[in-house]
Each structure stands twice: as structure tokens, then as C-alpha cells.
Amino acid sequence: MEKKIYEELGLVNTREMFKKAVDGGYAIPAYNFNNMEQLQAIMIACAETNSPVIIQVSKGARSYANETLLKHMAKGAVEMVRKDLKSNIPIVLHLDHGDSYELCVSCIESGFSSVMIDGSHLPYDENVALTKKVVEYAHQYDVTVEGELGVLAGIEDDVVAEKSTYTKPEEVIEFVQKTGVDSLAISIGTSHGANKFKPEQCTKNEDGVYIPPALRFDILQEIEEKIPGFPIVLHGSSSVPMEAVKIINENGGALKDSVGIPESQIRKATESAVCKVNIDSDGRLWMTAAIRKHFADSPADFDPRKYLGPAREALIIMYKSKNENVLGSAGKV
Ligand SMILES: [Zn+2]
């Protein structure tokens, strides 16, 4: 084995934390970030709830922040947690939706401890070949790899799909064996973005809130029977809280027909082999809500700390609530 580059940043890979999460019936939060306030909020919330954490960036977020700066942001975040927050929570830096071998190599060289190679849009055999190639490289550096079978609908940075395709349980054993992946992202009805379903796919409750179709727990169960105890990942698992959408729209926003996955469904999923839950949109929504409200209340403010500070506070509250009430990761260090 080559040297573990990620250890220079104070990170760990996902292997041990996933095993504990599968055995313990909870899930590790995987929160996306691309700026300082989001990263601070994730770290503070996870240190204060004593939760292991995966901080993740998409290809787009990595180029938005600048890859050199991003590496040092992650390193600085780990040091802040250890030194200032006096916490020893395990921290993973993960590439979300890697779309090429070269991108995964670049991330591993710059210290990521986990990467996703998303070949889910490719024909099955090409997905297997690409994923296997990334795994062979990554494992030399003890970096863990997430693959994907099945396609999620919705939009997330560079990832766009019109329609979802559920994961076929009959494919998972061979995919896992042939590729050597460490975890598998599956499609059972979650979706990317803040408009996870069209209104006509939903029912409405008495308050006029859209209730989306239930996740396909039957498919999840079939997958678990094929690969018992193997770490499963759920993408697109934001709940899209109507409180945040309301604040945004009451303060000049124009979000229409937003709908997410109810937190009760995610909580149920974490009791299975689902051990990593990706949440991005909820952070975007609460951050936007706090900033819009601040500008509406205090239109004369122009110091970014005045509006990004409250946004950071809103994120801390949300992340803590996810760890404590949805994912069950609080206190699991
Ligand atoms: Zn995703």
C-alpha cells in the first residue's frame, strides 16, 4: 500500500464508521459544502452533537471554492474541531458524484479520504469497468469508494436526470463483487434538488402541503437480502422543510412547488443497512431563508458577517436536528 495521503489532513476513510452505523441502525450525515460558513456550521453542529461526519463536495463545488483552497479548508476544519472544539469525531472528506477516473485521482492526490464514482448513467458493463478502475487506484491509498446503481431524478450541480430508474436488486451482488466498491448508492425514490416530485405525483394534506410517494422500502429490503450488511447510501434525502420555503417566499423569493422526502421516511431507512444519507438542499434552503429574512428586516446592512452569521446559525440548528432526530448519529463516536 502507498502512503495514506488523507491522514495528512487528519481525516479517516468510511470503512469503520459505516460498519458501526450498519450494526447500530443509524446513518452518518453527508453534508455538502462550498463555503466557509457552511463548513463551520457542519463542524460545530457535529462536534456539539458528538456525531461522526462526512463533509462532501461535488465537482462543481470544488472548482467554485478552488481545489487548493478547498483542501486547506478541510484541513483547517479538522484542526478547528480538534483544537478549539476539543472534539475527536471522525471526519471524512468525500467527493460527491465523481464523473471521471481523472477527477477521482485528483481528489485522492489532494487528500480526500473517500470518493464516489458515479457511472449510474452508463450502460451496466461500462459502469462496472469505470468503478473497478477507480477502486483499484483508490484502495492503494486506503481511500474508500462509493458506486451507484440506478438513477435518481432531479438536478444537483452537474448531475441532471429527467426520470428516475430504480436500482435492480438482481444486479447488486455482481456489481459489488466485480468492482470491489466499499458502499453502494441506490435509487429507491429519493431525488436531487428542492423539487423532488411534480405536484401530480403527490397527494395533499389538509394544510395544502404536498405529500410525496413513499420510498420503495420493498426494493431496499430485496437489496439487503442480496448483500446483507453491505453499506448502502441514499442520495437526495433533503426533507425540503415548508417553514424554510415559506420564509424565502415571504421575503421576496419565488420557490414553486417545492417538495422533499419526509424525515420520517429517512429515519425509517437509517434503521436498515443505509449508513450514509446525503443532505444538500435543506442547507441551501435554510441559508437562503436566513439571508432573505435578514435583508428584509435590515435593508441597510451591508457587512457580509451580518447576514452570513445568522445563516450559519440557522444551519447549525438544522444539522444538529438531523443528527439527533433523523439520522441517529448523535453521540455515536
Ligand atoms: Zn447525489
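Which residues in α11 meet which residues in α12? In this predicted model, the α11 side of the contact consists of D282, G283, W286, M287, A289, A290, I291, H294 and F295, and these meet K306, Y307, P310, A311, A314, L315 and M318 in α12. By class, the residues of this contact divide into 12 nonpolar, 2 polar and 2 charged. Helix α11 spans residues 281–297 and helix α12 residues 304–327, and their axes, which come within 8 Å, cross at roughly 140°; α11 is therefore oblique to α12. The crossing in which α11 passes α12 is right-handed.

Helix α12 also packs against α2, the axes of these two helices coming within 8 Å and crossing at roughly 40°, so that α2, too, is oblique to α12. The crossing of α2 and α12 is right-handed. On the α2 side the contact is made by E37, Q38, Q40, A41, I42, I44, A45, C46 and E48, and on the α12 side by L308, A311, R312, L315, I316, Y319, K320 and N323. The contact of α2 with α12 has 10 nonpolar, 3 polar and 4 charged residues.

The largest nonpolar core comprises 94 residues, among which I42, I55 and V115 touch the most other members. Helix α12 supplies the largest share of this core, namely 9 residues.

Most residues other than glycine have a negative phi. N50, although it is not a glycine, has a positive phi of about 55°, and is placed in the loop between α2 (36–48) and β2 (53–58). Because 15 other C-beta atoms lie within 10 Å, N50 is partly exposed. V240, likewise a residue other than glycine, has a positive phi near 50°, and its place is in the loop between β11 (232–234) and α9 (242–250). With 22 C-beta neighbours inside 10 Å, V240 counts as buried, since the cut-off for a buried residue is 20 or more.

Terms used. Residues numbered from 1 in each chain as written. Predicted model: local features only at pLDDT ≥ 70, side-chain atom pairs only at ≥ 80, totals over all residues. Axes fitted to C-alpha atoms, helices over the stretch in contact; angles between N-to-C directions. Helix = DSSP H or I, 4+ residues; strand = E, 2+ residues; numbered from the N terminus. Parallel < 35°, antiparallel > 145°, perpendicular 65-115°, else oblique. Left-handed = near helix turned anticlockwise from the far one by under 90°. Contact = placed C-beta atoms within 7 Å. Nonpolar A, V, L, I, M, F, W, Y, C, P; charged D, E, K, R; others polar. Core = buried A, V, L, I, M, F, W, Y, C linked by C-beta atoms within 7 Å. Buried ≥ 20, exposed ≤ 12 C-beta atoms within 10 Å, placed from the backbone.
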